[in-house]
Amino acid sequence: MEDSNMNDMRLTERRVGQAEAKISARDCQVWYGDNHAIKDVNVDIDDKAVTAFIGPSGCGKSTFLRCLNRMNDTIDIARVEGEITLDGEDIYDRRVDPVQLRAKVGMVFQKPNPFPKSIYDNVAYGPRIHGLAKDKAELDAIVENSLKKAALWKEVKDRLTAPGTGLSGGQQQRLCIARAIATSPEVLLMDEPCSALDPIATAQVEELIDELRAGFSVVIVTHSMQQAARVSQKTAFFHLGELVEFGDTGQIFTNPKDPRTESYITGRIG
Amino acid sequence: MSAILSGPAVLLVALVLAAVGFFLGRSRAIASSGGDQRRLHSLPKQHGWHVALATFVPAVIFIMLWTFFAGLASNVYVETIIPGDQPEVRLPLDQRGDLTEREIEIREAGRRDLFIANVKTLAVAIRGYIDNGNATFEDVETWRADLAPLQERLRADGQVVGATVTQGMLTLARDLIRFDRTMGWLGPTIALAMIAIGFLASLAVISRDFRARISVERWVRGFLVFASTMAILTTVAILYALTAPSLRFFSEYGFFNFLFGLEWAPAGDVVGVPEGPDGQYESALGFLPLIWGTLYISLVALLVSVPLGLFAAIYLSEFATKRVRSLVKPALEILAGVPTIVYGIFALVTIGPFLQAVVGSTIMPNTVSVMTAGVVMGMMLVPFVSSLSDDVINAVPQAMRDGSLGLGATPSETVTKVILPAALPGIVGAIVLAASRAIGETMIVVLAAGALSNVTGLEPNPFGAVVTVTTRIVAVLTGEGSGFDSIDVLAIFALAFTLFFITLGLNLLAQRIVAKYREQYE
Ligand SMILES: Nc1ncnc2c1ncn2[C@@H]1O[C@H](COP(=O)(O)OP(=O)(O)O)[C@@H](O)[C@H]1O
Ligand SMILES: [Mg+2]
């Protein structure tokens, strides 16, 4: 029953999104030591769309998200198996440099984590490391552009040399988004980007995410189902390390196929 | 009888009665509840503690304070009992020559200090003699300085007797012993009374409604306040001990002569009696050569320890696997626990000869030198710097590392561009603390920098021997022939005083830097 469900889902996915699938995961497994945190996850993430990962806490959303830019490599005891491709290329291939991958697949974290540097230096950090700008003028342009895309430019353009840590929580999170955008990634991973923000800042960041869809493939982990419903086109529901259901956001929320999804959405799994 | 009237015995009595009081208090509380414990305001156990603490704490605090102040009082007492015309203090006529009033006054002040010291020494010697069972105090009352060979008798018993014993000295020493004996039984007697009162009174107040819980809280808080006050008092006592002699030295020798003097060559002058031409002291007691040597060695030590310690810390916290970390960290901590004298020996027998073999004996005439001491002190400080830096680096939130790695930075880019800048204030604090340790370090420099060398000025050669603040303190205080009436000894207090403030200043600075750094992440 569950198996056929999964197969159905994969088939529909293939039909709808094969051409523009940005990232695909096949039989992805993650272990932390002996803890099997992600089991047999198969998913296709579209380009120019927002995909939401929802599920009860501890179900492996962050873990799976971190597989997509190989951030799990930085954890000693984590072990990843299976195949994950970005534009058809296996990102866990020996020849792939995780450092370059992370420039292409940017990440925004749960708590805003600006570096204790100026706003300008925060945004310029990635471009400088990767040598993306020929000269100061080009770097200025990248910084300005990124801040504009992150809807922060107007608020900070007069104090680019002020420390990034001095901004408000919502501004800090948008600064982190600008910082991630500055390396011109193709995919943006966001792990509960609004959970440390107040409702107004949350609304601003959600609006921003919707705008970012035009230029990037966005994956967002959220514990708020309303948020998933508001910002995403596709939703994946995780439970106990398994991907239970994946489909159009509208369908998942109005007509879930799996009873577990339904329980979660109606508040019976927490 | 007198055995029970001593500090340790009082402590023992207090402990025993406190233990007894605990059980008595508990059972009394249970009894007062009429068999139903729930009717008590506080637990029976708390009633027990209430009695135990009331018995123990006041008496113990009292006896500690008493011991401290009895010592002070004894010192003050000697000063007051010496008559103004004490013959040993007067300057003999044949020595007065053509000295001025002022000069005579200064000399007599010196003689007075010396005389007081002699009286105290004699009192200690006689007390030791009595304690060894050779005489009773009543025997001593009949002693006369000129009759029996007093000195020889005391010395034969292993007691230290400095100067020739005069009758005046003996009389005063006896007075002093009598005074100390009185203080000796008075304190413990009062303490025993306090124990008894505390014990009985606290037992008496126990009733069903007595709030023992609150009383215990109060006793505990009081005891903790006392303990921390003692720690602060120690610092105050150190300052007190250093200030008066230092000020005396400054006024005798001249503050600026000391602070900016370019030569350190003590000659054993008597305080207040400058014997050189033009009323100058023959001793040259300039601070600059000493602080020069101290800072020179500290600089070398920091040049060795800061890079090594910092890199070790970075490696351990950012790159090493768990296994390596679990091996290396304890190893570094063991290194930090090696006594400095061991480092000193290592410097003397290994590093010194090695350096000399490398640079040649024309540049490095002795195995002791700035480099010898500095390099070894640097090694000593490596674990200190690395463990402090490790703490500050670990205090940089993991989110900073994730942020940087998530942008595609390599681990070493993350270290140099994010972690080190973020941890910099803390690291600077660690370096300042290391500098403060280097400046106060004694054993290594005594062995490896040339404690016995005859350097008197500023030595520029890093392979030459130098004098430092701490080595000169050791040399003067352990050297022969410098009595306590010597200006050189007074100068040592000034050195200790200055050292105290330099290290205090550095530690305060480091604390402020580190506190600022903490704020950043809170
Ligand atoms: N760094 C880690 N080391 C060990 N176990 C981890 C680590 N991170 C997560 N886990 C474990 O993996 C499982 C999934 O965690 P996570 O991906 O953080 O869940 P979610 O983000 O959905 O709340 C949990 O059981 C958690 O304990
Ligand atoms: Mg998570």
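Is A:Cys194 buried or exposed? At 7% relative accessibility, A:Cys194 counts as buried. The legends below describe close-up views of a predicted model.

View 1. A:Cys59 takes part in none, and its nearest cysteine sulfur, that of A:Cys67, lies 13 Å away. A:Cys59 has 3% relative accessibility and therefore counts as buried. For A:Cys194, the closest cysteine sulfur belongs to A:Cys176.

**View 2. Strand β7 of chain A and its covered faces.** Strand β7 spans residues 187-191 of chain A. Of its 5 residues, 5 are buried. In a regular strand, side chains alternate between the two faces of the sheet. In β7(A), A:Val187, A:Leu189 and A:Asp191 point one way. A:Leu188 and A:Met190 point the other way. Both sets are buried.

**View 3. The two strands paired with β7(A).** Strand β6 of chain A, residues 105-108, runs parallel to β7(A), and 4 bridges join them. Within this pairing, A:Met107 has A:Leu189 of β7(A) as its bridge partner. Strand β8 of chain A, residues 217-221, also pairs with β7(A) in the parallel sense, here over 5 bridges. A:Asp191 stands opposite A:Val221 of β8(A).

**View 4. Strand β9 of chain A, buried on both sides.** How many of the residues of β9(A) are buried? The count is 6 of 6. On one side sit A:Lys234, A:Ala236 and A:Phe238. On the other sit A:Thr235, A:Phe237 and A:His239. Both faces are covered. Strand β3 of chain A, residues 50-54, runs parallel to β9(A), with 4 bridges joining the two. A:Ile54 stands opposite A:Phe237 in β9(A).

View 5. Strand β9 covers residues 234-239 of chain A, and 6 bridges join it to β10(A) in an antiparallel arrangement. A:Phe238 stands opposite A:Leu243 in β10(A). A:Thr235 stands opposite A:Gly247 in β10(A). The hairpin has 2 residues between the strands. A:Leu240 takes a positive phi near 50 degrees in this hairpin. Strand β10, residues 242-248 of chain A, is mostly covered, with 5 of its 7 residues buried.

**View 6. The second largest pocket.** The volume of the second largest pocket is about 700 Å³. Its lining has 27 residues. Which residues are closest to the centre of this pocket? They are A:Thr74, A:Asp76, B:Glu318, B:Gln398 and B:Leu405. Several helices each supply at least two lining residues. From chain A comes α3 (98-104). From chain B come α10 (288-319), α11 (322-336), α14 (398-406) and α15 (411-440). By residue type, the lining divides into 11 nonpolar, 7 polar and 9 charged.

Methods:
Residues are numbered from 1 along each chain as its sequence is written. Chains are lettered from A and ligands numbered from 1 in the order in which they are written. This is a predicted model: local features need pLDDT of at least 70, side-chain atom pairs count only at pLDDT 80 or more; totals for chains, interfaces and linings use all residues. Side-chain values use heavy atoms; hydrogens and water are left out. Buried means under 20% relative accessible area, exposed over 50%, partly exposed in between (1.4 Å probe, protein chains only). Two strands pair if DSSP finds at least two bridges between them. On a 1 Å grid over the protein atoms alone, a cavity is a set of points where a 1.4 Å probe fits but cannot get out, and a pocket is an open set with protein on both sides within 12 Å along at least five of seven lines; lining residues have an atom within 4 Å of a point. Grid points are joined across faces, edges and corners, and a volume is the space filled by probe spheres set on the points. Ala, Val, Leu, Ile, Met, Phe, Trp, Tyr, Cys and Pro count as nonpolar, Asp, Glu, Lys and Arg as charged, and the others, Gly among them, as polar. A disulfide is a pair of cysteine sulfur atoms within 2.5 Å.
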